[in-house]
Amino acid sequence: MQMRSSSGDGKPPKKYYSARKKYCAFCKDKITLIDYKNHKNLENFISETGRIFPARVSGTCAYHQKQLSKAIKRARQMALLRFTEEKKRIT
Amino acid sequence: MNSRYEIGFIITPEVNEEEVKKIIESITATIKKANGLIENLDEWGRKKMAFPIKKNLEGYYVFIQTEVDGAIITTLERRLKQMEKVLRFITLRLDDKLKKSNKLTKKWAKIDKIRKKTLESRSEERESEDFIEKEEESDADEK
């Protein structure tokens, strides 16, 4: 028996695509100083519960991840970003 | 030694505009007294905060970028702590960061130059290769 795809056209099943390589968002735009004041940009790097994404998820380089984590913590101090937020449950 | 600093603070939303002006002026006056420079004064105005501070949902945001002596900053910090109308404040030194960022921009500019050069040389090589191929094709047609 040959493996067949679900569409039924006799072709072998499709291979899984390898994940696209992630690039540092700050290196791409050539930002050297991450400011804690533009909290709207920093919001992309925290989860909906307020946790900082690890570098392996967001793809930021080590140099920028260090600055980013510091900037997020400063923004939290000035009440621009949330510390934590409970997940909204659908009931 | 003067160096660059950034001061940011949140004022309670209950105060009116005159009181806000008073607070800002008291800070700027002390900086000017010590021969400091005020580079930028950012007033965001009333803004909703991410979480309540002392039961206040809103806050009046002010950011000041200056170039003063470090000793003045410590006195300013002490005074900001005593103010009851200031909910939160933050003071940062920008010198080291700016140095680092300037270094990086220079480094990246260098890398970009090298990249451009290699790309140009590559494209030239390709063009020459294409030319040779075309010549061979034309030779084959003639035969």
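Predicted model: local features only at pLDDT ≥ 70, side-chain atom pairs only at ≥ 80, totals over all residues.
**Domains and sheet of chain B**

Chain B is split into domain 1, residues 2-93, and domain 2, residues 98-143. Between the C-alpha centres of domain 1 and domain 2 of chain B the distance is 52 Å.

An open sheet in chain B is built from four strands, ordered 2-3-1-4, with antiparallel pairing. Strand 2 (37-53) and strand 4 (86-93) of chain B lie at the edges, each pairing on one side only. On average, and with direction ignored, neighbouring strands of this sheet are turned by 20° against each other. Helix 1 of chain B, residues 17-33, packs on the sheet and touches strand 1 (2-11), strand 2 and strand 3 of chain B. The direction of helix 1 makes about 15° with that of strand 3 of chain B.

| Strand pair (chain B) | Bridges | Direction |
|---|---|---|
| Strand 2 and strand 3 | 11 bridges | antiparallel |
| Strand 1 and strand 3 | 10 bridges | antiparallel |
| Strand 1 and strand 4 | seven bridges | antiparallel |

B:I53 has B:N56 in strand 3 of chain B as its bridge partner. For B:Y5, the bridge partner in strand 3 of chain B is B:T66. In strand 4 of chain B, B:F89 stands opposite B:F9. Strand 1 of chain B is mostly covered, with seven of its 10 residues buried.

**Contact between the chains**

Chain A contributes 12 residues to the contact and chain B contributes 15 residues. On the side of chain A that touches chain B, six residues are nonpolar, two are polar and four are charged.

**Helix 4 of chain A**

Helix 4 of chain A covers residues 62-77. Its 16 residues, at 1.5 Å a residue, should span 22 Å, and the end C-alpha atoms are 23 Å apart, so the two values agree. The buried residues in helix 4 of chain A are A:H64, A:Q65, A:Q67, A:L68, A:A71, A:I72, A:R74, A:A75 and A:R76. Within chain A, the buried residues of helix 4 pack against helix 1 (25-29), helix 2 (39-42) and helix 3 (55-58). Just after helix 4 of chain A, A:A79 adopts a positive phi of about 60°.

How values were computed: Residues numbered from 1 in each chain as written. Chains lettered and ligands numbered in written order. Contact = placed C-beta atoms within 7 Å. Nonpolar A, V, L, I, M, F, W, Y, C, P; charged D, E, K, R; others polar. Pairing = 2+ DSSP bridges. Helix = DSSP H or I, 4+ residues; strand = E, 2+ residues; numbered from the N terminus. Axes fitted to C-alpha atoms, helices over the stretch in contact; angles between N-to-C directions. Domains from an automatic or database assignment. Buried ≥ 20, exposed ≤ 12 C-beta atoms within 10 Å, placed from the backbone. Expected span 1.5 Å × (residues − 1).
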